[in-house]
Amino acid sequence: MIKEILNILKADKKLMELINGSAANPHIYPIETDYLGDCLVYDYHTFSADKITEAKRLEIVIIAKTLSKTLEIENELKRLILTLADKPLTTNILRVEINGGGSLYDNERLMNHRILYFDLISRSEV
């Protein structure tokens, strides 16, 4: 399921331009990075599952020079992966909604961080 989300993000030209990414180096990193430019850092965990559906929490941290840029990237992420009503995102991902987040400023890196929590409901892989 996470691979599907990452493929959607990496395929979006506007998002790649916003984080100066490319097909070879999209600047989307799992858990942490030592990259100092604009990027996305993600982590995820399962918070419920049965033999029908699985629910995962996807945390995406947007790191950018300005707060306004983090908000622009946030809007693009929402446009790409949030679902509307009963329309699934993919054949496997049934629903995506945002469930919290926040902002902080990293004084060491001089970068803004925007944290988003997405809840993903998909078909069970069991």
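So, L116: in this predicted model it's buried, with a relative accessible area of 2%. You'll find L116 in strand 5. What is L116 in contact with, leaving aside its neighbours within four places in sequence? The list is L58, E59, I60, I62, E74, L77, I98, G100 and G101. And here's one to look at on screen: L116 and N99 sit 17 residues apart in sequence, and C-alpha to C-alpha they're 7.6 Å apart in space.

In soluble globular proteins, nonpolar side chains tend to be buried together. Here, the largest nonpolar core has 25 residues, and the ones with the most contacts inside it are L9, L40, I60, I73, L77 and F118. Who supplies this core? At least two residues each come from helix 1, helix 2 (13-18), strand 2 (39-49), strand 3 (53-64), helix 3, strand 4 (93-106) and strand 5 (111-123). There's also a second, separate core of 7 residues, with Y29, V61, I63 and I115 among them.

Let's zoom in on L9. Not counting residues up to four places away in sequence, L9 touches L15, M16, I28, L40, I60, L77, L80 and I81.

The axes of helix 1, residues 2-11, and helix 3, residues 67-81, come within 10 Å and cross at roughly 125°, which makes helix 1 oblique to helix 3. Their crossing is right-handed. Which residues meet there? I5, I8 and L9 from helix 1 meet L77, L80 and I81 from helix 3. By class, that contact has 6 nonpolar residues, no polar ones and no charged ones.

Note on methods. Residues numbered from 1 in each chain as written. Predicted model: local features only at pLDDT ≥ 70, side-chain atom pairs only at ≥ 80, totals over all residues. Heavy atoms only, no water. Axes fitted to C-alpha atoms, helices over the stretch in contact; angles between N-to-C directions. Helix = DSSP H or I, 4+ residues; strand = E, 2+ residues; numbered from the N terminus. Parallel < 35°, antiparallel > 145°, perpendicular 65-115°, else oblique. Left-handed = near helix turned anticlockwise from the far one by under 90°. Contact = heavy atoms within 4.5 Å. Nonpolar A, V, L, I, M, F, W, Y, C, P; charged D, E, K, R; others polar. Core = buried A, V, L, I, M, F, W, Y, C linked by side-chain atoms within 4.5 Å. Buried < 20%, exposed > 50% of the residue type's maximum accessible area, 1.4 Å probe, protein only.
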